[in-house]
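Hi there,

Here is the model I promised to pass on. Please open it first, and then read my notes below.

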Amino acid sequence: MKFREVSLHFFLIATGLLTLTPFIWMVSASFMAEGHASVYPPRLFPDEFTFEQYNILFSRLNVGINFFNSLFLAVSITLISLFLNSMAGFAFAKYRFKGKKHLFNLLMSSMIIPAQVTMLPLFLMLKSMGLINTYFAIIIPGLANMFGIFLIRQYALSIPDSLIEAARMDGATDFQIYLNVMLPLAKPILVTLAIFTFMTIWNDFLWPLIALTDSSMYTLPVALANLMGEHTRDPELMMAGSVITIIPVLIVFLVLQKYYMEGIMMGSVKG
Amino acid sequence: MKTNQSAAYFFLAPAISAILLFFFVPVIAALLMSFTDFDIYSLGDYSFLKFVGFKNYISLFHDPLFWTALKNTFYFVSVAGPLSILVSLVSAMLLNSKLVKFRGIFRLSYFIPVVTTLVAVAVVWRFVYHPRFGILNYFLSFFSIDPIDWLGDPIWAMPSIILMSVWKNFGYNMIIFIAGLQNIPEYLYEAAEIEGANRWQQFKSITLPMLAPTTLFVSIITMIGFFQIFAEPYIMTQGGPLNSTLSIVQYMYQEGFRWWNMGYSAAIAFTLFFIIFVGTTIQFKIQKSSELI
């Protein structure tokens, strides 16, 4: 059975290399001088190592501002939506109120409607409020979503009622119970949801492309797409731009991958 | 449990009003819009707006470019969908083998494309596919395959986008399949072993049926996501060459936000929604009927 084991690993390593090669080339080309990635045969490693491309991106093309936009939007939407979704998820799990079932089902139906359907009217709404090309244009559609509410509700269902009752006996208000009982107990799902939201907002493209019109307001993906139009012949520069765009999500993922993977399972088992 | 209603409404109000106002209201508005001639003139002054009934949907039906976008999108979904699910399943089964060492590292490296920014990897792949300097053609040259103009040739452009999408997405479904495989009780295989079933028979009569719910879920989310393809062609081909990679969403984007034919664009958006809805229903039906057998 030795042969079986060796061939299996050979196959796994080959697949791994194929999967990672585009990334290896991306990182390596980003450290090449202008024109050095446009040669035949292609270089897999830089012949001379340089930060030139990163320098151009930050000093001449002002990508720093786009980096800030992406970071600011991803972090603020993550925090706000976590707050709103967790309150609603808590209410759906632990309160009885009129119309609960109908409201929940109505909201669940939002998950089968593709977001593109909302974009035209949303654009007109935000335009009439003067919010197109501002941070609000991205934040407003991201305030809350049913996916988040659903995940938190499922988790909150498992929190024992007795804990909540005990807190109430001690004179805690409903909001205090939410803050001091529910949130600490739901920490794992909150972390999972935070990563999902951060990554979704960071990686999002179509809506920011529509809603942000000045290059100083662009998020990184939109800025990158825009640069692509002018720099089709500068792979080194574009690779540096791609590295900058990918690194933050990659770090978030690598540090918190346990929570991310659990999130996929939860979505798939109960979704 | 004793609860007060007003507290529940207090907790729900912010999220629910945000979703109603910025999701459901736009959905209904878009439906109404699709029955109007909303264009660049109406954008300046809503009084130009006219109700036109099903005219936009009828025009779509006679619009060759829309049919091209539809055909391209179906091509993409029907090849990239099954292919990525197949790759996911095979890699999940290989990784699930007891023989595998360093399982975590393999899983991680297959998964990384999933979390990386789509626009950035599309930019990378655009250069990977470069006809002269791209690493793909260089790699193929070792097998004496002549350089191919991947993104510049109308025949090859869509397969190139499919290949990249499979690469980008298979890791996600792989994780779900691994979970599904681990839920299959070991004794089923042991029993089959005793009965003398070979590996292929075990796969066919244990693994596949036990994975059916997982496969349904994976097919549906993959299909829904793939029908909405936009960034890949937008970055790599701009829908070209000769509209061979123009997708439904890109056509909607162009009509709505470049030419401001927003009524027409809304009709495209609803057609997409309808297609996804029908696709999801069909897959549920297929699953149901195969359970009866």
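A word on terms to begin with: a nonpolar core here is a set of buried Ala, Val, Leu, Ile, Met, Phe, Trp, Tyr and Cys residues joined through C-beta atoms within 7 Å. Buried means that 20 or more other C-beta atoms lie within 10 Å of a residue's own; exposed means 12 or fewer, partly exposed is in between, and the C-beta atoms are placed from the backbone.

Please keep in mind that this is a predicted model: local features need pLDDT of at least 70, side-chain atom pairs count only at pLDDT 80 or more, and totals for chains, interfaces and linings use all residues. Residues are numbered from 1 along each chain as its sequence is written, while chains are lettered from A and ligands numbered from 1 in the order in which they are written.

On confidence, the model scores ipTM 0.93 and pTM 0.94. Chain B has a mean pLDDT of 93, with 98% of its residues at 70 or more; pLDDT is the predictor's confidence in each residue, from 0 to 100.

Now the cores. The largest nonpolar core has 141 residues, and A:Ala88, B:Ala15 and B:Val119 touch the most other members. Helix α1 (residues 5–33) of chain B gives the most to this core, 12 residues. (Helices are DSSP runs of H or I with at least four residues, strands are E runs of at least two, and both are numbered from the N terminus.) Beyond its neighbours within four places in sequence, B:Val119 is in contact with A:Phe205, A:Pro221, A:Leu224, A:Ala225, B:Ala231 and B:Ile235, where contact means C-beta atoms, placed from the backbone, within 7 Å. Another core, of 17 residues, lies apart from the largest one and includes A:Leu12, B:Leu89, B:Phe170 and B:Ile178.

Where the chains meet, 76 residues come from chain A and 71 residues from chain B. Helix α1 (residues 2–30) of chain A supplies the largest share of chain A's side, 13 residues. That side divides into 54 nonpolar, 14 polar and 8 charged residues. Here Ala, Val, Leu, Ile, Met, Phe, Trp, Tyr, Cys and Pro count as nonpolar, Asp, Glu, Lys and Arg as charged, and the others, Gly among them, as polar.

Chain B has 13 helices and 0 strands. Its C-alpha trace spans about 75 × 70 × 40 Å along the principal axes, and buried residues make up 42% of its 293 residues.

One residue to look up is B:Leu83, in helix α4 (residues 64–96) of chain B. B:Leu83 is partly exposed, because 15 other C-beta atoms lie within 10 Å. Leaving aside neighbours within four places in sequence, B:Leu83 is in contact with B:Ile162 and B:Val166.

Finally, some backbone details. A cis peptide bond joins A:Tyr40 and A:Pro41, with omega about -5°, and A:Pro41 sits in the loop between α1 and α2 of chain A. The bond from B:Gly240 to B:Pro241 is also cis, with omega near -15°. B:Phe102 has phi near 55°, a positive value in a residue other than glycine. B:Phe102 counts as exposed, because it has 12 C-beta neighbours inside 10 Å.

Best wishes

Note on methods: Contact = placed C-beta atoms within 7 Å.
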